[in-house]
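The sequence and structure come first, and the description follows.

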Amino acid sequence: SQVPSITLNNGVEMPQLGFGVWQVPDDEAAKAVATAIESGYRSIDTAAIYENEQGTGRAIAACGVPREELFVTTKLWNSEQGYDSTLRAFDASLDKLGLDYVDLYLIHWPVPAKGAYVDTYKAFEKIHADGRAKAIGVSNFLPGHLERLLGETSVVPAVNQIELHPQLQQAESRAFHAKHDIATEAWSPLGQGKGLLEVPTVVAIARKHDRTAAQVVLRWHLQLGNVVIPKSVTPSRIAENLDVFGFELDADDLAALAALDEGKRLGPDPAEFNVGA
Ligand code: NAD
């Protein structure tokens, strides 16, 4: 595959670009994941709450690429936080995926009102020790949540998957992750394909490089060192989003994109998101 890998803090290699399947119904997910793997993606990001682990698993089983060449991520939903419920939920996810291990297992949200993410993470450590998740990490954790985890558990999370795009650049989280050797993975890397891809600065840089706005935004992430997981169900866009290794943004481009940060969240604030508590 043409996608470079980053080395996680436990030595596991993770492709820097993968394929996300949020909001894709199970049958369509099977098709989209098959197309993505066929196009050259080797990393897939799903979650229990997406209700497409089965379709994702079917595509993986049928794709013909050896399991060890794929990188599969899934996530524990909020309602299942707690030690025993996490172990059960993980079994259910593996079963739906039809796999005997995942490459990365993430706590989907910290759910501060529930106060269970430390116990949950201890179950993750057990799953990791048993070899059933090659790496474990979190999603949507603010630095304060990570501080607490680092103080009360022993395996440093390999990844924190957070909302991140040029309009929400997350400088504080990125600096915290860098300091603790936690990889930053960007969700909604394209800003959900909404306003961001029409922003004149992005469009102008795309024109300059004879690339698309989506490719410019993905290139920005890669040059910052982020892991990205763009989503599309359109085969031409699936291919387009992977074709980002043949050009480079220059210092002027990066400076212009840096100026787009406006702290604009598309998703919930992790400090207050307690669905499933
Ligand atoms: P995204 O930023 O990847 O945008 C996807 C949308 O952008 C598509 O639905 C399409 O409308 C548009 N698009 C895609 N490629 C395009 C292209 N080449 N040109 C023009 N438009 C294009 O948004 P996302 O799906 O929210 O995020 C990606 C993945 O991140 C998800 O699928 C999921 O795996 C993950 N995610 C995780 C969390 C979390 O809480 N951990 C939350 C949201 C998303």
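Where is the place of Leu249? Leu249 sits in the loop between helix 9 and helix 10 (251-258). The model is a predicted one.

## Leu249 and its contacts

Leaving aside residues up to four places away in sequence, Leu249 touches Arg219, Trp220, Gln223 and Leu254. Phe176 is 73 residues from Leu249 along the chain, and 25 Å separates the C-alpha atoms of the two.

## Overall fold

Ten helices and ten strands make up the secondary structure of the chain. The radius of gyration is 18 Å, close to the 19 Å that the globule rule gives for 277 residues, so the chain is as compact as a globular protein of that length. Along the principal axes, the C-alpha atoms fill a box of roughly 55 × 40 × 30 Å.

Of the 277 residues in the chain, 46% are buried. Taking contacts between residues at least 6 apart in sequence, 73% join residues at least 24 apart.

## Annotated domain

An unreviewed UniProt entry places the feature "domain: NADP-dependent oxidoreductase" at residues 17-261. That span, residues 17-261, is 45% helix and 15% strand. Its end C-alpha atoms lie 22 Å apart.

## Ligand surroundings

How many residues surround the ligand? The shell holds 26 residues, and the closest are Gly20, Trp22, Leu190, Gly193 and Lys231. By class, the shell is made up of nine nonpolar, 13 polar and four charged residues.

Helix 9 (residues 235-242) gives the most to this shell, contributing three residues.

## The buried side of helix 5

Which residues of helix 5 (residues 143-152) are buried? His145, Leu146 and Leu149 are buried there. They cover an arc of only 95 degrees around the axis, which puts them on the same side of helix 5.

Several elements cover these buried residues of helix 5, including helix 4 (117-129), strand 8 (159-163) and helix 6 (171-180).

## Two residues with positive phi

Asp181 is not a glycine, yet has a positive phi of about 60 degrees. Asp181 is placed in the loop between helix 6 and strand 9 (183-187). Helix 6 is also among the elements that cover the buried residues of helix 5. Asp181 counts as partly exposed because it has 13 C-beta neighbours inside 10 Å, and exposed residues have 12 or fewer.

Asp210 likewise is not a glycine and has a positive phi, of about 55 degrees. Asp210 lies in the loop between helix 7 (200-209) and helix 8 (213-224). Is Asp210 buried or exposed? With 8 C-beta neighbours inside 10 Å, Asp210 counts as exposed. Gln167 is 43 residues from Asp210 along the chain, and the C-alpha atoms of the two are separated by 22 Å.

How values were computed: Residues numbered from 1 in each chain as written. Predicted model: local features only at pLDDT ≥ 70, side-chain atom pairs only at ≥ 80, totals over all residues. Near = placed C-beta within 6 Å. Helix = DSSP H or I, 4+ residues; strand = E, 2+ residues; numbered from the N terminus. Nonpolar A, V, L, I, M, F, W, Y, C, P; charged D, E, K, R; others polar. Buried ≥ 20, exposed ≤ 12 C-beta atoms within 10 Å, placed from the backbone. Arc of directions from axis to C-beta. Contact = placed C-beta atoms within 7 Å. Rg over C-alpha atoms; globule rule 2.2 N^0.38 Å. UniProt positions renumbered as here; feature names shortened; annotations may be inferred.
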